[in-house]
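Here is my note for a colleague meeting this entry for the first time. Please keep the sequence and the model open beside the points as you read.

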Amino acid sequence: MLKKVAILANGGDVSGFNAVIRGIVKTAEKNNIECYGIIDGYRGLLKNEYVELSSAENASGILHKGGSIIGSSLNANVFNYKVEENGKVEYKDLSDICIKNAKEAGFDCIFTLGGDSTQKSARDFFVRGLNVIGVPKTIDNDVACTDITFGYNTAVSVAMEAIDRLHSTAETHHRIMVLEVMGRYAGWIALESAIAGGADIALIPEIPYDIEGAANIIKERQAIGKNFSIVVVAEGAFPKGGSLTVKNTRDGGAGVINTQLGGVGDKVAKDLEELTGLTARNTTLGYMQRGGTPTAYDRVLSTKYGAKAMELALDGKFGVLTVIQNGKLGYVQLEDVVGNNKEIGAVSGNTEESNIRKVTMDHDLVKTAKNIGIYLGE
Ligand code: F6P
């Protein structure tokens, strides 16, 4: 019998975290189940920090709020955790401490809200005996086995609004306006916002881009009297024969991604300026995509995911991830979500080895973009 459950939000924040939390808490309360929030994701599980959540108090009035009321941790791979002792850095598997904390607290299930790296750790915990249920989050929309993650729709809407605003200034000054959006290995945000905002070019990580091809499109537009162009670039896009533009490296530990991407928008703008003779400017949208109020779509999706996750817990279905497949709400095994990335702890996720969902060339969005003449850099 399920009595007590806990929620953990992990990884980069998105709009919709709180809506999922609310969905879980409300469904739990209807079934007389106590609900707790683990503070700052897996790090809170390690430090044994949690609070009780209730819709009468702290989990109320949060549907529309950005961020996460229980925080979220970045780069916290507790299976390969960076520990500094006497000036010496070591990587330790501290998952036993987390399991002990969860069992002592009496959590019958932990809901893990996060992207591929969060779900990889969730699966590893499940293998080691914790009851977990994952909920797929990330603005990048790249969690395997689901058509959509919560937070993505809001990010696309923010990017679309930015494109609308760039359009008028581009047109006024006859400029090329480049918008760099997030999307480390997957170009969903760039592709969908380019369609929504009416951009001329979208460069995504899945298609190494030909900058001369892009310049030619802009010149062709100029030849028919269109003196401005809009280019959307995913941060993970790179030129044919070239490499990713890395802004920084950090030391979050082993088994987590330690490169911070950024700068490809500036590079594309500079190259296009040289090749076309037109003025080009880059705008990097950055964390605007992750913050603030979720769209109606994300509020509903997050609520569906939260309520479904609690329903699965009541049915005793653990080690799974809530998903949307072909428009239908359901679940898959976490084992399928991690794919061949089976080794416990070694690679947490969000890396080249991760089993992530990339844009495929037969996807409707790619076909639509091509049909209406958006150049994808091929
Ligand atoms: O994973 C989501 C994401 O938005 C990526 O597109 C981006 O590379 C990353 O977060 C940046 O997040 P942070 O700087 O917080 O690590």
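This is a predicted model: local features need pLDDT of at least 70, side-chain atom pairs count only at pLDDT 80 or more; totals for chains, interfaces and linings use all residues.

1. Residues are numbered from 1 along each chain as its sequence is written, and side-chain values use heavy atoms, with hydrogens and water left out.

2. The protein is divided into domain 1 (4-150 + 294-338) and domain 2 (155-290 + 361-371), with bounds from an automatic or database domain assignment. Taken over C-alpha atoms, the centres of domain 1 and domain 2 are separated by 32 Å. To the contact (heavy atoms within 4.5 Å), domain 1 gives 14 residues and domain 2 gives 18 residues.

3. Between them, domain 1 and domain 2 bury about 1400 Å², with 49% of it on carbon and sulfur atoms; buried area is the accessible area (1.4 Å probe) that two parts lose on being put together, summed over both. In domain 1, the residues that lose the most area to domain 2 are Asn75, Ile139 and Asp140, together 43% of what that side buries.

4. Turning to the ligand, the residues around it, meaning those with a heavy atom within 4 Å, include Leu74, Met182, Arg184, Arg250 and Tyr287. Ile139, Asp140 and Arg290 also belong to the residues around the ligand, and this shell draws at least three residues from each of domain 1 and domain 2.

5. Which distances separate polar atoms of the protein from oxygen atoms of the ligand? A polar side-chain atom of Glu235 lies 2.6 Å from a ligand oxygen atom, a polar side-chain atom of Asp140 lies 2.9 Å from a ligand oxygen atom, and a polar backbone atom of Gly183 is 3.3 Å from a ligand oxygen atom.

Notes
A polar contact is a pair of N or O atoms within 3.5 Å; within protein, one must be able to donate a hydrogen and the other to accept it, and residues adjacent in sequence count only if both atoms are side-chain atoms.
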